[in-house]
Structure formats: structure tokens, C-alpha cells
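Keep the picture open while you read.

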Amino acid sequence: MGITRTPTSLTQSEATRGGIGESTLRPDGTLKVTGEFAYSSDLWHEDMLWGYTLRSTVAHATIASIDTGEALATPGVYAVLTYDDLPTEVKHYGLEIRDTPVLAHGKVRHHGEPVALVAADHPETARRAAAKIRVVYEPLPVITDEASATAPDAVLVHDGREDHHIGHVAHPNIVHRQPILRGDADRAAARADVVVSGEYVFGMQDQAFLGPESGLAVPAEDGGVDLYVATQWLHSDLRQIAPVLGLPERKVRMTLSGVGGAFGGREDLSMQIHGCLLALRTGKPVKIVYNRFESFFGHVHRHPARLWYEHGATRDGKLTHVRCRIVLDGGAYASASPAVVGNAASLSIGPYVVDDVDIEALALYTNNPPCGAMRGFGAVQACFAYEAQMDKVAARLGMDPVEFRQINAMEQGTVMPTGQLVDSPAPVAELLRRVKSRPLPPERQWETTEGADVRALPGGLSNTTHGEGVVRGVGYAVGIKNVGFSEGFDDYSTARVRMQVINGEPVATVHTAMAEVGQGGVTVHAQIARSELGVTQVTILPADTRVGSAGSTSASRQTYMTGGAVKNTCEAVREKVFDLGRRKFGTYHPAWATAELLLEGGRVVTDGGEALAEIADVLEDEVVDLELEFRHRPTQAFDLRTGQGNGHVQYSFAAHRAVVEVDTELGLVKVVELACAQDVGKALNPLSVVGQIQGGTTQGLGVAVMEEIVVDPKTALVRNPSFTDYLIPTILDTPTIPVDVLELADEHAPYGLRGVGEAPTLSSTPAVLAAIRQATGLELNRTPVRPEHLTGS
Amino acid sequence: MRVSFTVNGRPQEADDVWEGESLLYVLRERLGLPGSKNACEQGECGSCTVRLDGVPVCSCLVAAGQAQDRRVDTVEGLAGEGGELSPIQQAFVDAGAVQCGFCTPGLLVAADELLEHNPSPSDGDIREALSGNLCRCTGYEKILDAVRLAAARTGQAV
Ligand code: FES
Ligand code: FES
């Protein structure tokens, strides 16, 4: 039909119809284009109230008093709650460390911390009533960086810590510290012909998912509550919510409603407990929807970081050693900080072979906004720094930056700094080769027959240049990300699969608690069921807590884990179908006992292709229904002193080439093309895989040139909590993203697949930075790059 | 106050509207049309895009009262009477332009308007027309694909 499409290429092994390997369309696609898909902010209940959260206007203070009288007296207000109204002894929650107060108690530790809740019959009434709550704050000194956090007389962000990290940190304002020592960096450094060091700064990035935090809590007759919410992990929420409400978990029934993106920002609780508290207090359904301003305070962000690196190499381009120190700002509460530290440390040198390393990563407690999970999770910050270092070393050696990377690229059989053997394909050099060999976009790509198309130039529609003073640069980067939960975590997922005959046709029903946040897991589950069970009709039930945990939609793990769980349960269901068939028809045909059996096209067939029976005839009125858990290979904790341990399940790799054009006079950058090559092991749904890669790439682009939450270093107040001042890439800022997908199977993973979602977010940022450095000759040790960094003014 | 206007061809009325209420709020919370989204309520994201007398606007920035006696078209009005998807809706599904889908309603309304007055837009035209609509999931590539696909399909049909 002659429609231009972004070039994408996929070297694919095999695909089955509607099954795995095919780009089947999303089952929720039609609902999403008609506006009928119910997101958590769309929920409505007769008689429902609106909840609103009053948040602190200062970053660190003791609360001298809270007066709710006037707010409570406001017509239309049904409840006002503070810490004193919490119903049980459990008043804190947290992913790993329960350090976050449900409502502030005597103290606030960051700007925007929840202090009180209001329920009213109109959202504006709730907002206005909240404004009448009088909170008297007595300011405390703010901790904003490593120096202020670890000073001997520093105020402690958390008094009396009892968590399991306090024993191995040098100061109570350090959440967790992970060193990794391997080989002898001092001795190896003596062999180096060049040594390059640098200090890097990574700004605070926001997930900026478009669907605001929201949900609806409905009180139930049994004293429990039904909660409809957008989240990444229903069962983790449940584990944190129920004790605060004083309810057994079975009385807190959670259902996933439509999720408008997540990217890590929904791994922690937002309105869940608050909505339930208000619903239980008022006896009415309560809906809470954050607006964008509040959303910036309502979830954790990507850790900003300072990173120090030293790389050494011999004249022939072999890395001798790496020393690095990564300091992550975890903000006021722990959230996922300990795991982010583990990732940053263990992936700190990138996808390269280095035998002698001296690594340290740590996260601070400060009064800055809390930071936690975001796509790339600790590996993103490190990748930005080590890739800048790789370019610097290559330049010092007079080598081509891609060739230098390829010389040092890890491969299957490489040993990580943690001592873990990489035991599946690691095509790092090949990914670089692929992005490099792609033809470059034409020079002066903005020129048309009618003159310059300003939309294709730095400054775009603001029409600041017609091509004068515009310089091109090209940069490369590659990264490594772990897939799945690491460091000995018991990571599992559950799938329930039912097979029965409906209207003469075999139908499979798949039930999991997997949070579909946009990634397309629901599409893939149906594909897996079709492939494994030989049916065309698959029903995917809504995710809820009536089935076992699916784990989080994070760490690029859901296709591996819940996809793996669906596959695993389907296989068990299939065996049951075979058993039934053998009992019914085994005597008629010896192949039932002797042949390898398959389910295909609604039939039981032998591996030789002979049809033995219709599935419908095998099942008749029987229903096969199983719920099973699936686990990946166990991992180990990292040794607290040496960082040694088989901490990770799987690694994934992506490489980027960025082509930029820079208006050096005004400091404006236009990214012209951002090509990516990634190994995905097996693309279960190629269309979704490419979509993930392009989306991840764009988030990496954002933090390269525009995205940063700016926190005042003196007050720790957030300066830009809006889409007016926190910019994310628009369609004009985003270039063509050609994608090259490799499928090199990981034999340990279901279908050989490799988690896809995060790797492209890593290398995108340093590739863009490298390209800007090449265009401008500037050092640029911080991201995002702003115009003033390029013009020096 | 009472506000009445036409939504997707049907006269609608909302009572007890508070004067500060946006058109977006009235559509979503009073008229049962939550298809238009509320990603920022600051006029920055385009997820609330509707057409007011044919012109795309951010309905979060329009006071409900301003819509009095006017024609409002939302994402809910794109599909045909029998529920069949419009070309731009079908193209978004087919091209993989929908991930979380929160940006989708606004993009569809904006893209539909673009194709109405420019049936074969260049990539530059598409980017310009959709530059007020943020998407955080897709990297926009497949959204471009979808608009190109809809344009090509419609062009063929004529
Ligand atoms: S909600 Fe109206 S522009 Fe964002
Ligand atoms: S698909 Fe999620 S914001 Fe566009």
C-alpha cells in the first residue's frame, strides 16, 4: 500500500497463528480507541465521595499542631483524618522497609508528604476544606546531599532505625551500601597506559505516566473493602494496606482498573490506604484522583546520582580496571533504594570484561523527594557515566569509540564483577555493529525544495535557525540490565488456567494478577495459551487478588515470569487433557501411549501430525482448572563486603546510535535519529517488542535533553511540579527510532525470551550525550543537558 | 448553573454545574463520558482534546459555561452508530499505536481533525498537528504509522 513505516527489522525464528511470535493485536485496543476502557480515574459509584490529600508545604519540620475544626465544619465534608485517626498500631508502610507514615506523625520529611485527608461530596469542596486545615510547622535543617547527610552532627532523617541495613552502613542517613571488590584494582592500574577519571551528575527524572494516581474504595457489608486501583503489583499493595486497616487480607479485595502507564512509579502505594481509610470511616465509596501537580508529589522518582569513575586501559585498547563510586539520593523514605543500590553496584561497569574492580554504591536518606523504582532501576545512572568514560578512554587512546567498546565487550562466558558467569548469549559487540552499520540520515536533512523545514531543525517551530550554525554529531552507547527480581528474592508468579468446552468449542480462560500497565502482557498471555493449548478462543480475566501473586510489572520481568507462569500452567492443563484422552480413547489407538502428543488446531495430534481426537470430544463436560506458581532460577544475595554472588537471573542488552544536530549559538539540540539494536531472546509479539523499545528509547532521550525535577538545594522544595515546567518529549522532540531486533535464545527462560522493557532506556541517554559532545566538543558531565550548558552562559 | 450543549450530535444538559468546573469535568463526571482524559488538567498534555465547534481544544482549559449552545465532539463520537471503528481508530489499533492508551482519545480527536482538512499529510504535518498531545509509552513512532495508515486507507477508499 506504499505506506511509510519506520524501518524495523527482526530476524525471527518461528511464529504460530495467533500464537507466540506473531504480532497479534491488543485485546483491549478497541476499548482504548473508543474511550470505553475504564481507567482508575474513570471509575464512578453512586453516592461516592471524593478524597483529597493535604500535603506538607515544607520539606523538613516538626508538626507543632494540626487544627481540622474548620475543615470538618465545611458543608459537604464527611470526614477529615490525621495520624491520630489511624485505626491500628500499624501506621507505616514500605516496599522493603516500613518507614513511610500513612499520614505524617509529628514530623514531615519531604515536600508534599501527606498530612491529612478529606472526604467530601465534590472534589472542589474537598480541596477547599483541606485548605482550611491549619498545620503549624517548626522548621528543621534540611538534608539535601551527601555532605549534609553524613556530617557527624547531621540531623537524622529517621531516628532509631531498626531495619536490616543499619548494621552495615557508616551513618544512619545512608539507607544501604554495596561494595563490589574483585581482583586487584591497584595492581591492575599499574599496567594501564592511560587512566581516565570523571565525575558525573544524573538529574532526578519523573516517570510522568499520563494516567494520574487514582482509585475507588468501596466499603463492603462484611466490614472489608473493595479497592479498584491502578498499580503495578496488587499483592504487594495488599500486604501493605491490610495491616494498616486492621483487616485480614481476604477482606481487602483488590481489582486492577485501567492503568495509564507506570514505569516504576506505581510500585509504591499512593492513594490506596488513604482511599480505604476514608471509605471505611464514612461508610461510602470514595474516589481519589490526583491532579498532575499532586502526582509529582504522589510517587517516587528516579534517583538522582553523583558518580565518580576511573577507567584504565592499555595502549592496545584493553581495559585494565575500573574504580567507581555511585551516590544515589534516595530522598526521605527508603522505597526501593536498597535494590536500586544493588543494581547500580552490580551493573556499574557496563557490558564489558574487567577483571579488576573496586566499586561502591550507596543510597542516602535526605529531605529531597523520595526516590525508588523507575524503568532501568539503578542501571540507567551507571550507564550514563560508564559510557561517557568509554568515549573518553577511546579518545585518549586515539581509537574509534565503537571499536574500543567491541574490544572490551562481554560475551557468553564472561564473569561479572559479582563473580557471576554470564551463561546465555550476550551479543554486545554485534549490537554495536548493527547500529553502526546502519546508513546515516542525510546531512542537512531539514532542506526541502521549498527551503528549510524548521520543524526538522533545532528550535523547531520557534523558528530560531534556518540551518546556520547547526553542527551534527554522532554518538554510540550500549548497556546491560538485569531482568527479574535479584539478590535472593523469592520471585514467582501465579497463573490459573481453565479449559472447557463452550458451544462445542474448546475455550481457555487465563486468570492472573498481572498488572497490565500498557506493556501488552494481556496480548501475550492469550498468545501463549493459544500456542500451548491449540485453541483459538482465549478469555483473559481481569487481574485481581482472588488469584495468587503475579509479582510486579517491573524489572522487565512480566513476560518472563507471568508469561512463564501461564505457559507452565497451560502445560500442566495440557497433560490433564492428554490423561483424559488416554482414558477415553487410549484403547483405540496406540499412539496415545507411544507418541509425543500436542494440542493443535483444536485437536490432540501426535508429533508426526496425526490427529487423534478433537479436544472438545476429549473434554466433553469436564473442566480442567489449575492454578500454579512459577519461579525463575534462584539467585543469591551479594556479599556485603565483597559484592560477590550469583545475584541476577538474566541480563538484557541494547545499543543505540544517536544522530543530533546542535545550534551551538543558542544551545538547542535536535535529535535527528536514535537507532536501537536489542537482543530479546524471542519476540513473543514483535509489534509490542518494537513499541517497548521505542518507548524506552524516548524516555532515555527525555532525560538526556529536557527532563529533570528541580529541587531547591536550600529548602528541598520541588520547583517544577507541572507539565509546564517539567518537560517530556513531544512528537516534535522525538526522532525516527529505527529498531533492529535480535533473537538469540536464553535456554533458561520460557521460549528463550529476554525481558525487553528497560534495556532501551539505558543506552539512549549516553548515546545522545555522546553525540552532543561530538558536535560541540564540550565535556558535558551532567544530564539532562540544558541550553546554558552548551552556550556556557 | 445549568449548561446545555450538543455532544456528539446529541443535545445534553448538566445541572448544578459549579462555575469553576471545566468542560472536561462536566463531560467526565456529569455526562458519563469519561473517554476524554485528565492527564494534567493544565492544558499541557492534550489527553482531554475535544472539538468545540469543530476546532480541537483542551477541554480542561474550557470553562463548562463557554460550551453553552455549542457543538462538542469527543472520542466517544468517532465510531459509527453501529460501533464500527472510524479509519483513524482502526489504524491506531492495527499499527500498535496504543499501549496504555491514556493519550489515545486526545490523539485520535486531533488526528481525525488533521486528516479532515489534510487527507495526505507529510510527516512534518503530522508531527506539527500532534505536537500538543503527549504520549509517554510509545515514542510516537507507531502513532505516526497509524496516521499514515489511516491517510493511505482513506485515500484508497476515495
Ligand atoms: S488534561 Fe487537558 S491538556 Fe492535559
Ligand atoms: S500509550 Fe500510554 S501515554 Fe500514550
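Which residues does A:V669 touch, not counting residues up to four places away in sequence? They are A:P458, A:V660, A:E661, A:V662, A:V705, A:I772 and A:L790, where a contact means heavy atoms within 4.5 Å.

Before going on, a word on the ground rules. This is a predicted model, in which local features need pLDDT of at least 70, side-chain atom pairs count only at pLDDT 80 or more, and totals for chains, interfaces and linings use all residues. Residues are numbered from 1 along each chain as its sequence is written, chains are lettered from A and ligands numbered from 1 in the order in which they are written, and side-chain values use heavy atoms, with hydrogens and water left out.

Back to A:V669. You'll find this residue in strand β32 of chain A, which covers residues 668-679. Helices (H or I, at least four residues) and strands (E, at least two) are DSSP runs, numbered from the N terminus. A:V669 has a relative accessible area of 25%, so it counts as partly exposed; buried means under 20%, exposed over 50%, and partly exposed in between, using a 1.4 Å probe and protein chains only. Now look for A:V90: it sits 579 residues away from A:V669 along the chain, and their C-alpha atoms are 50 Å apart.

On to chain B. Its elements run β-β-α-β-β-β-α-α-α-α from the N terminus on, which gives five helices and five strands. Here are a few of its overall values.

| Property of chain B | Value |
|---|---|
| Span of the C-alpha trace along its principal axes | about 45 × 30 × 25 Å |
| Buried share of the 158 residues | 58% |
| Share of contacts with a separation of 6 or more that join residues 24 or more positions apart | 53% |

Finally, zoom in on helix α2 of chain B, residues 87-95. Its buried residues are B:I88, B:Q89, B:A91, B:F92, B:V93 and B:A95. After α2(B) comes B:G96, with a positive phi near 75°.
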